[in-house]
Amino acid sequence: MLPRCAFSVCHVLVLVLCLSAAEDFDWTKNNHGSFYYGTFPAGFSWGAGSSAYQTEGAWDKDGKGLSIWDVFSHKKGKIQQNETGDSSCEGYYKVKDDVSLMKELKLNHYRFSISWPRLIPTGIKSDHINEKGIQYYDELIDHLLENKITPIVTLYHWDLPQVLQEKYGGWQNISMVNYFNDYANLCFEKFGNRVKYWITFNNPWSVAVEGYETGEHAPGLKMRGTGAYRAAHHIIKAHAKVWHTYDTQWRAKQKGLVGISLSGDWGEPVDISNQKDIEAAERYVQFYLGWFATPIFHGDYPQVMKDFIGRKSVQQGLGTSRLPTFSPQEKSYIKGTCDFLGIGHFTTRYITQKNYPSGRSSSSYFTDRDLAELVDPRWPDPGSEWLYSVPWGFRRLLNFVKTQYGNPMIYVTENGVSEKMLCTELCDDWRIQYYKDYINEMLKAIKDGVNVKGYTAWSLLDKFEWDEGFSERFGLYYVDFRNKNKPRYPKASVQFYKRIVSSNGFPNQREVENWRRKAVETCSSSNQLLAAEEQRSTAANILRLIHGKESLVLTINQMKNLI
């Protein structure tokens with residue numbers, strides 16, 4: 001453990017500890033309100049993102065196999081309003097339309113994921129390869145490159161083939177490592193001559209915790225205290241194996257990079273003079289980001305995870321820790337398997353120490369941490385209940401990564417904000433504010449010496465938001481999900497983000513304020529057009545439903561869905 005400064009001198013981020021190497025960032029200051037006008041380094045890459053299940057639709061078309069999300073979303077009560085991603089944005093049929101939106105934004109890159117069961121329906125390469133799936137991604141990649149947009153490709157964004165879940169228990173089973181490697185190898189073979197940036201996993205924290213601990217996400221298992229740790233263990237091994245496969249078989253020929261995208265909220269101590277709160281805040285980040293980053297950069301789990309989970313396992317009368325262990329050979333095999341680190345970041349929490357009793361029935365990932373998460377009621381929260389706008393936490397997280405992991409090359413792979421509105425709203429002023437503030441904190445982090453090479457706005461389109469269905473919208477472009485053609489409409493944030501991209505940052509106060517004013521002006525007329533279009537669509541749907549029924553009585557639910 002690195003030496004800490006006295007907390008009377010170091011602010012919260014004593015967490016990241018007053019290293020002489022980090023003298024360019026002063027952890028004692030927290031200038032929440034200051035804005036820095038300036039530009040990003042030459043060659044900085046601007047993009048937007050999506051994922052296969054959230055946007056493609058065509059869930060059972062052209063030979064695609066079932067994923068765990070196809071099955072999970074079809075179970076009643078799992079998703080808000082029992083919605084599914086069956087059609088979503090119909091991105092499968094709108095490649096050219098969507099690339100034209102990216103071109104309008106002047107994006108340098110587009111981050112998307114490949115659907116494993118669209119390429120390999122059962123997940124097992126030796127069973128069958130779906131050529132139509134390969135053709136679809138060929139078309140997408142080629143169209144991006146024709147428009148001078150770099151593809152950044154995620155291999156796993158949560159849509160495990162259902163056969164692997166049913167047959168083996170999914171990520172609870174070590175056999176996933178080899179099946180995933182076979183799938184990745186196929187992608188390198190088919191697309192690697194054109195794709196130079198690969199991400200193995202997107203946010204494995206959610207895969208492990210929400211898929212195998214809380215059951216909120218597919219496959220919906222509640223294996224408290226063990227399931228998340230076992231899933232994460234196998235995901236880390238799978239990531240390392242794929243990195244080595246690329247390194248030994250493809251790198252010399254294709255000259256690409258392989259990384260992983262990890263999500264991390266920032267954790268700030270409630271009381272910066274309380275050593276227990278300082279330690280709890282560091283623990284929060286280590287149990288979140290460090291759970292995956294520390295093995296990949298240093299070869300093993302964070303010491304604090306080993307200590308806390310090990311001690312609680314002993315108190316529960318278990319012979320071994322619920323946190324699995326890596327052998328010495330595995331540690332050296334995993335360490336260093338990251339050409340760049342993807343960071344997904346949305347929000348921050350205040351953290352305080354909270355002790356949880358160690359009983360077998362009460363053990364879980366959350367109680368293992370011995371902490372409580374708090375929010376400041378003054379923080380803006382326009383959409384998702386978990387997503388508060390706390391821009392200063394972003395800079396601190398990026399500096400934490402720099403200090404902890406040797407200043408790796410970073411691509412911000414997800415950053416954005418949702419809205420939860422029943423009515424149509426294209427004038428997303430709060431999203432403009434979120435992007436302005438968070439991107440500015442990233443610029444400050446680059447000034448601190450953090451090696452950030454690119455930024456991905458999350459997301460290009462409104463899309464299926466997992467257990468929240470279509471109730472939350474993250475898109476720069478509004479998607480009318482009630483219209484079978486799923487038309488896209490630009491929100492005000494499109495114009496604002498486009499200006500940031502074109503200027504490579506924030507030239508001066510007057511210009512940035514002008515961007516905002518013009519963006520809001522253009523969205524007002526678009527709002528009126530969209531409202532009229534949706535009224536026409538609703539009327540047409542009502543007429544269609546009436547003509548198709550013997551009775552003119554509509555159910556309450558049918559009316560709700562139409563209005």
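Analyst: Rings of Phe, Tyr and Trp (its six-membered ring) pair if their centres lie within 6.5 Å; planes under 30 degrees apart count as stacked, over 60 as edge-to-face and the rest as tilted. This is a predicted model, in which local features need pLDDT of at least 70 and side-chain atom pairs pLDDT 80 or more, while totals for chains, interfaces and linings use all residues. Numbering runs from 1 along each chain as its sequence is written, and side-chain values use heavy atoms, without hydrogens and water.

Ring pairs join Phe40, Phe44, Trp46, Phe394, Tyr434, Tyr435, Tyr438, Tyr455 and Tyr497 into a cluster. Over the whole structure, the search finds 62 aromatic pairs. In one of them, the ring centres of Tyr110 and Phe112 are 5.8 Å apart and the planes are at 25°, so this pair is stacked. Both Tyr110 and Phe112 are buried (under 20% relative accessible area, with exposed over 50% and partly exposed in between; 1.4 Å probe, protein chains only).

Charges also sit over rings (NZ of Lys or CZ of Arg within 6 Å of the ring centre and within 35 degrees of the ring normal). The charged end of Lys436 is over the ring of Phe35, 4.4 Å from its centre. Arg311 lies over the face of Phe308, at 4.8 Å from the ring centre.

Helix α15 covers residues 392–405 (helices are DSSP runs of H or I, at least four residues, and strands runs of E, at least two, numbered from the N terminus). Of its 14 residues, 13 are buried, so α15 is largely enclosed by the rest of the structure. Gly406 follows α15 and has a positive phi, near 75°.

Terms used:
The expected span of a helix is 1.5 Å times one less than its number of residues.
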